[in-house]
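User: Hi! Could you walk me through this model, starting wherever you like?

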Amino acid sequence: MVQSAAVSDFEKDYRLVRLPCGFYSVHSDRYGETNHPFVGPEAEATALYVDQVRLPGRLKPGTPMVIWDIGLGAGANILSAFRVLSGSAGHVVAVSFDQSLAPLRLTHQNPGHMAGLAHFAGAVGHVLETGYHRWQQGRLLIEWHVLETDFPDFLAGPHPAHLPRPEVIFYDAYSPGKNPEMWMGSNFAHLFNRLEGREAILVTYSRSTMVRVGLLLAGFFVGSGQGTGMKEETTLAATRLSDLERPLDHAWLLRASRSTAAEPLENRAYQRRPLRPETLARLRAHPQFVGGTEGGTLTADFAD
């Protein structure tokens, strides 16, 4: 995501492209990147953001499951979640964030090219008009908020009273090199603080060392996630160490200490830097690397 701009400025920056696998996805000329470029939007979204966190198993009777969908794009991640959850009974509240709704409009305007997501065309139409839609999908009650906003600014500000805090977080911004403002250490610190001690899990396609360090310093436990497309692995972060099947270990910490691009981003400019001595000291003191305890023991020092 980038700083706010008029919607008309963004509309021309996105277009549908046909992938080598035969599916269509959205390409951003502004960032020079294509969403879900290898196996198509629905397949990648389902494998990475839905199946990996075992989403249906997180539904609990009488309690809404809250998903923050950060980097809404064309809607593949959250609409795939709705599709998979539709066979279950429960209540899900989703809050989607993006700087522009232009990619979602492409999904809505081209149902023939985005067939896997077209089932929710009515819901997409509603949120594009009003920013909110509530409906019953079988035995599942769905509430969907869509916010067109600069996400770092949103995190740095007061929490809106009407928005629930998340327990599942999809973090799917454009890459750190192209979209550094979305990967700043301060974002992860503010996000961790928004949880206010609630159990939560975050999933992202990035395996960047600087991203993982930023998540650790914010207070999360961090582990390797399954591969997708051409990526050998992705990243999971959680407030409980026990929620990670493959937590980062001391061998990873040693590699991070030798990396030339491990220090978290501090501002909206992309910089590749090795870890500062004080950053490395904080990592070594993280409970993940000193025996492991449950979350909440670190202070999110990046926060304002």
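**Around helix α8**

Analyst: Just after α8, Gly-219 takes a positive phi of about 125°. Helices here are DSSP runs of H or I with at least four residues, strands are E runs of at least two, and both are numbered from the N terminus. Keep in mind that this is a predicted model, with local features needing pLDDT of at least 70 and side-chain atom pairs pLDDT 80 or more, while totals for chains, interfaces and linings use all residues. Residues are numbered from 1 along each chain as its sequence is written, and side-chain values use heavy atoms, leaving out hydrogens and water.

User: Got it. How many residues of α8 are buried?

Analyst: 9 of the 10 residues of α8 (residues 209-218) are buried, so the helix is largely enclosed by the rest of the structure. Buried means under 20% relative accessible area, exposed means over 50%, and partly exposed is in between, with a 1.4 Å probe and protein chains only. The buried residues are Met-210, Val-211, Arg-212, Val-213, Gly-214, Leu-215, Leu-216, Leu-217 and Ala-218.

User: What do the buried residues of α8 pack against?

Analyst: Their partners are helices α7 (185-195), α9 (250-258) and α10 (277-284), along with strands β9 (201-204), β10 (221-225) and β11 (234-238). A contact means heavy atoms within 4.5 Å.

User: And what is at the start of α8?

Analyst: There, a side-chain oxygen of Ser-208 comes within 3.3 Å of the backbone nitrogen of Met-210. I call a pair of N or O atoms within 3.5 Å a polar contact; within protein, one must be able to donate a hydrogen and the other to accept it, and residues adjacent in sequence count only if both atoms are side-chain atoms.

User: Let's do the helix pairs. At what angle do α8 and α10 pack?

Analyst: At about 65°, with the axes 10 Å apart. Val-213, Leu-216 and Leu-217 of α8 make the contact with Thr-279, Arg-282 and Leu-283 of α10. By class, that gives 4 nonpolar, 1 polar and 1 charged residue. The crossing of these two helices is left-handed.

User: How about α7 and α8, at what angle do they pack?

Analyst: About 40°, with axes 8 Å apart, and α7 passes α8 in a right-handed crossing. Phe-188, Ala-189 and Phe-192 of α7 meet Val-211, Gly-214, Leu-215 and Ala-218 of α8. This contact has 6 nonpolar residues, 1 polar and no charged ones.

User: Where does His-286 lie?

Analyst: In the segment after α10. His-286 counts as buried because its relative accessibility is 1%. Its side chain reaches the backbone oxygen of Leu-216 at 3.4 Å, and the backbone nitrogen of Gln-288 is 2.9 Å from a polar atom of that side chain.

User: New topic: how many aromatic pairs?

Analyst: The count comes to 16. Rings of Phe, Tyr and Trp (its six-membered ring) pair if their centres lie within 6.5 Å; planes under 30 degrees apart are stacked, over 60 edge-to-face, and the rest tilted. Tyr-171 and Phe-188 make a tilted pair, 5.4 Å centre to centre and 50° between the planes. The pair joins distant parts of the chain, with Tyr-171 in strand β8 (residues 168-171) and Phe-188 in α7, 17 residues apart.

User: Is Tyr-171 buried or exposed?

Analyst: Tyr-171 counts as buried, at 1% relative accessibility, and Phe-188 is buried as well, at 1%. They belong to one aromatic cluster that also includes Trp-68, Phe-97, Phe-151, Phe-154, Trp-183 and Tyr-205.

User: Last one: which residue other than glycine has a positive phi?

Analyst: One of them is Glu-196, with phi about 50°. Glu-196 lies in the loop between α7 and β9 and is exposed, with a relative accessible area of 53%.

Conventions:
Axes fitted to C-alpha atoms, helices over the stretch in contact; angles between N-to-C directions. Left-handed = near helix turned anticlockwise from the far one by under 90°. Nonpolar A, V, L, I, M, F, W, Y, C, P; charged D, E, K, R; others polar.
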